[in-house]
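The sequence and the structure are shown first.

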Amino acid sequence: MTSRLSEPSRLAASVQASLDGVEEVLILDDNRAASLVVGNYDQNIAHLERRLNIVAHVNGNQIMLHGGRETVDHARRVLESLYASVKKGRTVGPGDVDGAVEETALQRALFPERAAPEPRGRENTAGFGHISTRKKGPVKARNAAQDSYLRVLARHELVFAEGPAGTGKTWLAVGHAVQLLEAGHVERLILSRPAVEAGEKIGFLPGDMREKVDPYLRPIYDALYDFMEGRLVERALQTGVIEVAPLAFMRGRTLSNALILLDEAQNASSMQMKMFLTRLGEGSRMIITGDPTQIDLPPGQKSGFSEAIALLQNVEGIGHVKFGHQHVVRHDLVRRIVQVYEEGSVSQPGSGRTHG
């Protein structure tokens, strides 16, 4: 089969079947866009071959696909999606290939441009789809789960995000928080995390409060530096515009006009989670992220994260997004590792916990 991608339409051509599969030639009309689709040293094409178990050959702006009928058709849809993204000025890499593979498998449009109307009174509150990093520019969702996450963040004052490492749940939450701060929708950011590993010994760690908690909040700091200049982060920490507080120190506070992010929430006890949720004050928003498969609480102690999601699932104003291994956007090997662990936990009913 030969297909040609053009603007605005695509020309379909004939199918050539062979004894051991189907061949299809995709012609990308824009040579520059074609080179961006295949990636440096054809890295995107090589990644697509591994994901879909096909063979692909690149010759200029032509890509020949060979494999089973369904997988070749799937690969063509992935390349069409990536080509459309490139034509809109976006860069694509292996992570975007993964996202396109998942989305085209569901026959859904990747990264829909038109957003559903915002609820009355919440217009322009978050402007999902327009988060920007310092170095790489605007952030775009790589799969339907991330796209849904950005939409839920825009519409709800309290959001639960659960899923494995590498799905972007914390990174996107920090980007959304910085966006709200810079737009003036909130006056400060409060970053929190259960210090489970240190337990009662946190007082014996050297340094002030920030230095004691820093080791547990390193992923959040890394994300902050992606979205803000380093000097601005440091200034915001010194002036209290960005505050770092361990979960145990949130008791008794009412947090107004703030974005409060609780990361690694699977390690919050039931009492801690109830305490945290009731800190929400006027004009504030909360984002709570966690991975229920990596609970480090003492044996027999229930995670308040999973309990809260179950109890509050039908409460108006609360959003919930669940990521799976197929939504991992780090190295493809991470996705496969997470998948194996998920399958292993299902096959061993007595094992409700994994560490890592």
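R76 is buried, at a relative accessible area of 13%, where buried means under 20% relative accessible area, exposed means over 50% and partly exposed lies in between (1.4 Å probe, protein chains only). The model is a predicted one, in which local features need pLDDT of at least 70 and side-chain atom pairs count only at pLDDT 80 or more, while totals for chains, interfaces and linings use all residues. Residues are numbered from 1 along each chain as its sequence is written, and side-chain values use heavy atoms, with hydrogens and water left out.

**Salt bridges**

R76 forms a salt bridge with E80, with 2.8 Å between the closest N and O atoms. The term denotes a side-chain nitrogen of Lys or Arg within 4 Å of a carboxyl oxygen of Asp or Glu. E80 is likewise buried, with a relative accessible area of 13%. The two residues are four apart in helix α3, so about one helical turn separates R76 from E80. Helices (H or I, at least four residues) and strands (E, at least two) are DSSP runs numbered from the N terminus.

Helix α3 spans residues 69–87 and also holds R77 and D73, four residues apart, or about one turn of the helix. The side chains of R77 and D73 meet in a salt bridge with an N to O distance of 2.5 Å. R77 is buried, with a relative accessible area of 19%, whereas D73 is partly exposed at 28%. A network of salt bridges links E24, D73, R76, R77 and E80.

In helix α5, R151 and D147 lie four residues apart, about one turn of the helix. Both partners are buried: R151 has a relative accessible area of 11% and D147 one of 14%. The structure holds eleven salt bridges, and the table lists three of them.

| Salt bridge | Closest N to O distance |
|---|---|
| R76 and E80 | 2.8 Å |
| R151 and D147 | 2.7 Å |

**Nonpolar cores**

A nonpolar core is a set of buried Ala, Val, Leu, Ile, Met, Phe, Trp, Tyr and Cys residues joined through side-chain atoms within 4.5 Å. The largest such core has 36 residues, and those with the most contacts inside it are Y149, V174, L189, L224, I242, L259 and L261. At least two residues of this core come from each of the helices α5 (144–155), α6 (169–183), α8 (218–227) and α9 (230–239), and from each of the strands β9 (158–162), β10 (188–193), β11 (242–246) and β12 (258–262). Helix α6 gives the most to this core, with seven residues.

Contact means heavy atoms within 4.5 Å. L261 touches A173, V174, I190, L191, S192, I220, I287 and T289, when residues up to four places away in sequence are not counted. A second, separate core comprises 24 residues, including A33, A34, I54 and A75.

Which residues does N44 touch, not counting residues up to four places away in sequence? They are L36, V37, V38, G39, V92, G93, P94 and V97. N44 has its place in helix α2 (residues 43–52) and counts as buried, at 1% relative accessibility. Although N44 and V92 are 48 residues apart in sequence, their C-alpha atoms are 8.2 Å apart in space.

L217 is found in the loop between α7 (209–213) and α8. At 1% relative accessibility, L217 also counts as buried. Not counting residues up to four places away in sequence, L217 touches L191, S192, R193 and V244.

**Model confidence**

The predictor's confidence in each residue is given as pLDDT, from 0 to 100. The protein chain averages a pLDDT of 78, and 74% of the residues score at least 70. Over residues 107–129, pLDDT stays under 50, and the model has 48 contacts beyond four places in sequence for this segment. Residues 350–356 also stay under 50, with 15 contacts beyond four places in sequence.
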